[in-house]
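This report walks through a sheet, a helix and a set of charged side chains. Please keep the sequence and the model in view while reading.

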Amino acid sequence: MKIDAQNLDVHPARPDEVDAVLALARSAAKSDGVAALNEESLFALERLAPPARVLVASREGTPVGVLVDAQSDASGCDLVTAPDARRAGVGRALLVALDESRSDTATPVRLWAHGDLPAAQAFAASLGARKARELWRMTRPLTADETFDVALPAGLVARGYDGSEREAQAWVDLNARAFAHHPEQGRMTLADFREREAQEWFDPAGLILVWDEASGELVASHWTKHETGDEAGEVYVVAVAPECQGRGIAGPLTALGLAHLRDAGASSVELYVEGDNEPAKATYARRGFVRAAHDVMYVHTPARAM
């Protein structure tokens, strides 16, 4: 299919287009060998409500591209073009529409390139965009007979999430403190937590909470993710309170999650870590993780902001 960029209709996504957009993303993922949309973008498509901004490029009523600005601040956008509609101006048309919909054009647009494939690199180069951030995906196998050292420091106890409002809010507060400087994770709200809690994959026992027995405070957590029938589990979020870092919690906390995923039937486990976080990468490497792929964030300055 030949796409004429002049005849594209770029508009905010409509509810009746979501299935077609998801099919487009699956087609792109199959073609590229990497996921086309991250979790935050998928939630934005599911909601189609503020703060998310979702733009669709279509031709003759068929979506051929989508741009998801999940937080409506251009801080981490996903842009996907249908495999048979590439190199025809679809991506640029979506970026122009995003720029026109923003009041704060002085803020650069940050675009994720999942897998940082050659086509994404070429597109970024054509925009004059620069690399600003790298996210590693690390993996390791899990075997049924593997043992883990899950002994926490004295005075700490681990248990699964009990579903209460108190524990949900305690997790949100801990996460905010542990990731105070993280561009995405640190701004998770109770509503974001509830959204994930409602997913089919959510397992209360897989959200491991570590409490200080003396104070009753939540000091660490390891949230695991394992979808039914999936061979791979995920170290979804590991959080340690800033005042408790360096107490030897991270090692057994990681082990607790790995043991849970093994017992849940996962034969491998993956995680995501910032590419410049050398201590974390070294910690995971010591536990058998190796880099399997990486995503790159590119920063693009819109023309009317230059």
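In which sense do S10 and strand S11 pair, and over how many bridges? S10 and strand S11 (residues 268–274) pair in the parallel sense, over four bridges. Strands here are DSSP runs of E with at least two residues, and helices are DSSP runs of H or I with at least four, numbered from the N terminus. Two strands count as paired if DSSP finds at least two bridges between them.

This is a predicted model, in which local features need pLDDT of at least 70 and side-chain atom pairs count only at pLDDT 80 or more, while totals for chains, interfaces and linings use all residues. Residues are numbered from 1 along each chain as its sequence is written, and side-chain values use heavy atoms, with hydrogens and water left out.

## The sheet

S10 and S11 belong to an open sheet of eight strands. The order is S5-S12-S6-S11-S10-S9-S8-S7, and the pairing is mixed. Strand S5 (109–114) and strand S7 (156–160) stand at the edges with a single partner strand each, so one side of each has no neighbour in the sheet. From one strand to the next, the twist averages 25°. Angles run from 0 to 180 degrees between N-to-C directions, and axes are lines fitted to C-alpha atoms, for helices over the stretch in contact.

Strand S9 (residues 218–225) runs antiparallel to S10 (residues 232–240), and six bridges join the two. Lys 225 stands opposite Glu 234 in S10. The S9–S10 hairpin has six residues between its strands, and Gly 229 takes a positive phi near 85°.

Helix H5 packs on this sheet. H5 touches S7, S8, S9 and S10, and its direction makes about 95° with that of S9. Contact means heavy atoms within 4.5 Å. S10 is mostly covered, with seven of its nine residues buried. Buried means under 20% relative accessible area, exposed means over 50%, and partly exposed lies in between (1.4 Å probe, protein chains only).

Strand S8 (residues 207–212) contains Asp 212. Asp 212 is buried yet has no salt bridge. A salt bridge is a side-chain nitrogen of Lys or Arg within 4 Å of a carboxyl oxygen of Asp or Glu. Which side chain of opposite charge is nearest to Asp 212? Arg 247 is, 4.5 Å away. For charge, Lys and Arg count as positive and Asp and Glu as negative; His and the chain ends are not counted.

A polar atom of the Asp 212 side chain lies 3.0 Å from the backbone nitrogen of Ser 215. Beyond its neighbours within four places in sequence, Asp 212 contacts Gly 155, Leu 156, Glu 217, Val 219 and Arg 247.

## Salt bridges

Side chains of opposite charge can pair when their charged atoms come close. The count here comes to 22 salt bridges. The table lists some of them.

| Arg 47 | Glu 195 | 2.8 Å |

Arg 187 lies in the loop between H5 (165–178) and H6, and Asp 73 in the loop between strand S3 (62–69) and strand S4 (78–81), so the pair ties together parts 114 residues apart in sequence. Both are partly exposed: Arg 187 at 31% relative accessibility, Asp 73 at 32%.

Arg 194 sits in H6 and Glu 165 in H5, so their pair ties together parts 29 residues apart in sequence. Arg 194 is partly exposed at 26%, as is Glu 165 at 47%.

The salt bridge of Arg 47 and Glu 195 links helix H2 (residues 39–47) to helix H6 (residues 190–197), with the two residues 148 apart. Arg 47 is partly exposed at 30%, whereas Glu 195 is buried at 14%.

## Helix H2

Which residues of H2 are buried? They are Ser 41, Phe 43, Ala 44 and Leu 45. Their cover includes helix H1 (18–32), strand S2 (53–59), S3, S4 and H6. Asn 38 caps the N-terminal end of H2, with a side-chain oxygen 3.3 Å from the backbone nitrogen of Glu 40. After H2 comes Leu 48, whose phi is positive, near 45°.

How values were computed
Polar contact = N/O pair within 3.5 Å; in protein donor to acceptor, adjacent residues only side chain to side chain.
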